[in-house]
Amino acid sequence: MSLRKQGANKGATTAFLISTPESGVDSISVTYAMMDPVMTVARPLAAFATASAAGIAENIVDPEKRGLPMASDRTCTVDACCDGTDCPPEEHKNHHSILQKIGAGTRYAITDYWGDIAGWFFVGLVLAGLIAALIPDDLLIRHMGQGGLKAMFIMLAVGMPLYICATASTPIAAALILKGVSPGAALVFLLAGPATNITSLTVLFGMLGKRATTIYFGTIALFAILCGLALDQVYLSLGLSAQAVMGKASETMPEWLKISGAFMLLVFSIRPLCSGLVGIFSAKNKQDHDADGACCQEKNEIPLKDSHIDPSCSCGCSDNK
């Protein structure tokens, strides 16, 4: 929305909306660690092709005659020492040392950024474990083991309605491949899952319009299937078994480094996970309190936890007087 307000046309905005959730440094790194080099290369390339095609199609179908007024935000990202308006870049670059910039970036990475995706990442790990433990191998192999259009459409139907980030979708896709799903079908899930979900429809309608939203979803569906079919052919031509090479990249790391990394990841995850749980319970308590208030209001009373218990309320009520 910020890019759109600053003057980006619908095509550029559409391309950004597709490429950003489908690929990033974090998701590419996790893909290499949990899957294999072929998928690591194919994922960002497919995201780039999909985003470019959607952006170009949008500009051709619905060209804009004039741009929106620019209003760039050039505030310092280290400590907001200046807004960038009265402080030119030549002067501002001397405000902070390289160590201060690295420190600011590191703090952002392990607090704000990881805090945003930590919960979803662990949800992805749990779902991957459930898939590996509960779904029979022959079930997925029978329907999606050989790839083809049927497998692609199944994964498209599963991935498009979900709300899941690119990093969290990676362990789920890895578990599906280990269960016998073709790598092309897994790629469809990796492309469609992060870039589309039902809840984003209303936002896209309001920001881009119905025509642009239709192009957005249609291009993702078409290119996800085409890229999935192409990836299956790549594995076939190279004579690679996706199940055999899955997760082999982690074997290049020494054991002490893997254990240390896992420990650091858990330490960094404590705060965001606890904050997420507190937020969930706080929302639940607020709903209960609101319900109690409405219940007692009907009797011209007030909710009070330590008062007599009204059978129709979850807490007690006491007389206003």
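Which helix gives the most to the lining of the largest pocket? In this predicted model, the answer is H14, which contributes eight residues to that lining.

**View 1. The largest pocket and the helices that line it.** The largest pocket has a volume of about 1,000 Å³. Its lining is made up of 26 residues, and those closest to the pocket centre are Val30, Ala33, Gly261, Ala262 and Leu265. Three helices each supply at least two residues of this lining, namely H3 (25-34), H6 (98-134) and H14 (255-297), with H14 giving the most. Sorted by class, the lining of the largest pocket holds 19 nonpolar residues, together with five polar and two charged ones.

**View 2. The second largest pocket and its lining.** The space in the second largest pocket amounts to about 730 Å³. Its lining consists of 26 residues, and Thr20, Pro21, Tyr163, Cys165 and Pro194 are the ones that lie nearest the centre. Two or more lining residues come from each of the helices H2 (10-22), H3, H6, H9 (166-178), H10 (183-195) and H11 (201-208). In terms of class, the lining of the second largest pocket comprises 15 nonpolar, nine polar and two charged residues.

**View 3. The packing of H3 against H4.** Helix H3, which supplies at least two residues to the lining of the largest pocket, packs with H4 (residues 37-61) at an angle of about 155°, and the axes of the two helices are 7 Å apart. Because angles over 145 degrees count as roughly antiparallel, H3 and H4 are described as roughly antiparallel to each other. The crossing of H3 with H4 is right-handed. On the H3 side the contact involves Ser27, Ile28, Thr31 and Tyr32, which meet Pro37, Met39, Thr40, Arg43 and Pro44 in H4. This contact of H3 with H4 has five nonpolar residues, three polar residues and one charged residue.

**View 4. The packing of H9 against H10.** Both H9 and H10 give two or more residues to the lining of the second largest pocket, and their axes come within 9 Å of each other, crossing at roughly 160°. That angle makes H9 roughly antiparallel to H10, and the crossing of the two helices is right-handed. From H9, the residues Ala166, Ser169, Thr170, Ile172, Ala173 and Ile177 meet Pro183, Ala186, Phe189, Leu190 and Pro194 of H10; Pro194 is also one of the residues that lie nearest the centre of the second largest pocket. The residues in the contact of H9 with H10 divide into nine nonpolar and two polar, with no charged residue among them.

**View 5. The oblique crossing of H11 and H12.** The axes of H11 and H12 (residues 210-238) come within 7 Å and cross at roughly 130°. The angle therefore makes H11 oblique to H12, and their crossing is right-handed. Leu201, Leu204, Phe205 and Leu208 of H11 make the contact with Lys210, Ala212, Thr213, Tyr216 and Phe217 of H12. By class, the contact of H11 with H12 is formed by seven nonpolar residues, one polar residue and one charged residue.

Conventions. Residues are numbered from 1 along each chain as its sequence is written. This is a predicted model: local features need pLDDT of at least 70, side-chain atom pairs count only at pLDDT 80 or more; totals for chains, interfaces and linings use all residues. Side-chain values use heavy atoms; hydrogens and water are left out. On a 1 Å grid over the protein atoms alone, a cavity is a set of points where a 1.4 Å probe fits but cannot get out, and a pocket is an open set with protein on both sides within 12 Å along at least five of seven lines; lining residues have an atom within 4 Å of a point. Grid points are joined across faces, edges and corners, and a volume is the space filled by probe spheres set on the points. Helices (H or I, at least four residues) and strands (E, at least two) are DSSP runs, numbered from the N terminus. Ala, Val, Leu, Ile, Met, Phe, Trp, Tyr, Cys and Pro count as nonpolar, Asp, Glu, Lys and Arg as charged, and the others, Gly among them, as polar. Axes are lines fitted to C-alpha atoms, for helices over the stretch in contact, and angles run from 0 to 180 degrees between N-to-C directions. Angles under 35 degrees count as roughly parallel, over 145 as roughly antiparallel, 65 to 115 as roughly perpendicular and the rest as oblique. A crossing is left-handed if the near helix is turned anticlockwise from the far one by less than a right angle, and right-handed if clockwise. Contact means heavy atoms within 4.5 Å.
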